[in-house]
Amino acid sequence: MVKAVAVLVALLVMLTGFACAESTANETPIILDMNGTEVHGFINNTVTAQAFLQLLPYTVTVNRAADDLCGTVQEELPVDVAEAKTEWKIGEIGWFGGWFTILCDHEEQFSNMPGISIIGTINDEEIPFVASLTGTVDITVKLDDSRMDGKEGVEEMLSIRVNDQELTATLENNSSAQALKDLLSKGDITIDMRDFANMEKVGSLGSSLPTNDMQITTGAGDLILYQGSAFVIYYAPNSWNFTRLGKINNVTADELKTILGDGAVTVTLSMKKQ
């Protein structure tokens, strides 16, 4: 019985683990959509937390267990023994043996759960709402793009420079697009692209990114990650199982094909604030 309660507590910790009010260089802002209500928080810069970050957007169904929100997950995440803790506090999100937990409603921190990994926190002012939830709660954790640079309302766009022209694109809200942004934070990426099957330009990123493959029918301007390392710009329809990275803004199929031209082309990617 004690073990069962402890596991439930650990799961609830993980769900409420986003208690920080402001981000630091070691935290990534996220949103927890709880049955349609948004709760804000952060994911830590630990081995387990960063592995969880690569799963986003991620949905887990949790239930109220004692004072906590707890639910099981299918994925296995790495655990750094040096980072594992034996205690956690209200508002922290915990990962413990496949349990996702948010600690909501205890007066004191727990110290009877050895090996729990704290992957994040929720904002202090939003803990009472989370603590009031009962029954089954579907929680979707996703990146909070509006706070990625620490400033509300500042949006980052992908810049695609082709010859003397610049296109901008809105990136997808998934771990693949976030990994591309992280890569571009180290510097611009230049890609040699070629035509393929009269529907796309494709070239190597020179790095492998996490994938979020699904069956997709592309349209003109869709940006696709293929097999983790190929960057693709579509200018004609295609249906396949691959990862969506984003969409070029305000361009028609004919305009895009004219800009990209025939044959080989060099494209430079960078991030810009709007």
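Rings of Phe, Tyr and Trp (its six-membered ring) are taken to pair if their centres lie within 6.5 Å, with planes under 30 degrees apart counted as stacked, over 60 as edge-to-face and the rest as tilted. By this rule, four aromatic pairs were found. In one of them, the ring centres of phenylalanine 52 and tyrosine 58 are 5.9 Å apart and the planes lie at 70°, so the pair is edge-to-face. The structure is a predicted model, in which local features need pLDDT of at least 70, side-chain atom pairs count only at pLDDT 80 or more, and totals for chains, interfaces and linings use all residues. Residues are numbered from 1 along each chain as its sequence is written, and side-chain values use heavy atoms, with hydrogens and water left out.

Phenylalanine 52 also forms a tilted pair with tryptophan 95, at 6.3 Å centre to centre and 50° between the planes. This pair links distant parts of the chain, as phenylalanine 52 lies in helix 2 (residues 47-53) and tryptophan 95 in strand 5 (residues 92-96), 43 residues apart; helices (H or I, at least four residues) and strands (E, at least two) are DSSP runs numbered from the N terminus. Ring pairs join Phe52, Tyr58, Trp95 and Phe100 into a cluster. Phenylalanine 52 has 0% relative accessibility and therefore counts as buried, a term for under 20% relative accessible area, with exposed meaning over 50% and partly exposed in between (1.4 Å probe, protein chains only). Tryptophan 95 is buried as well, at 4%.

A salt bridge is defined as a side-chain nitrogen of Lys or Arg within 4 Å of a carboxyl oxygen of Asp or Glu, and the count comes to five. Among them, aspartate 188 pairs with arginine 161, the closest N and O atoms being 3.2 Å apart. Arginine 161, in strand 9 (residues 156-162), is 27 residues from aspartate 188, which lies in the loop between helix 4 (175-184) and strand 11. Glutamate 166 forms a salt bridge with lysine 272, with the closest N and O atoms 3.4 Å apart. This pair connects strand 10 (residues 165-171) with strand 17 (residues 265-273), its partners being 106 residues apart. Glutamate 166 is partly exposed at 42% relative accessibility, and lysine 272 is partly exposed at 27%.

Aspartate 222 forms a salt bridge with lysine 247, the closest N and O atoms being 3.3 Å apart. Aspartate 222 is buried, with a relative accessible area of 4%, whereas lysine 247 is partly exposed at 35%. Salt bridges that share partners join Asp222, Arg244 and Lys247 into one network.
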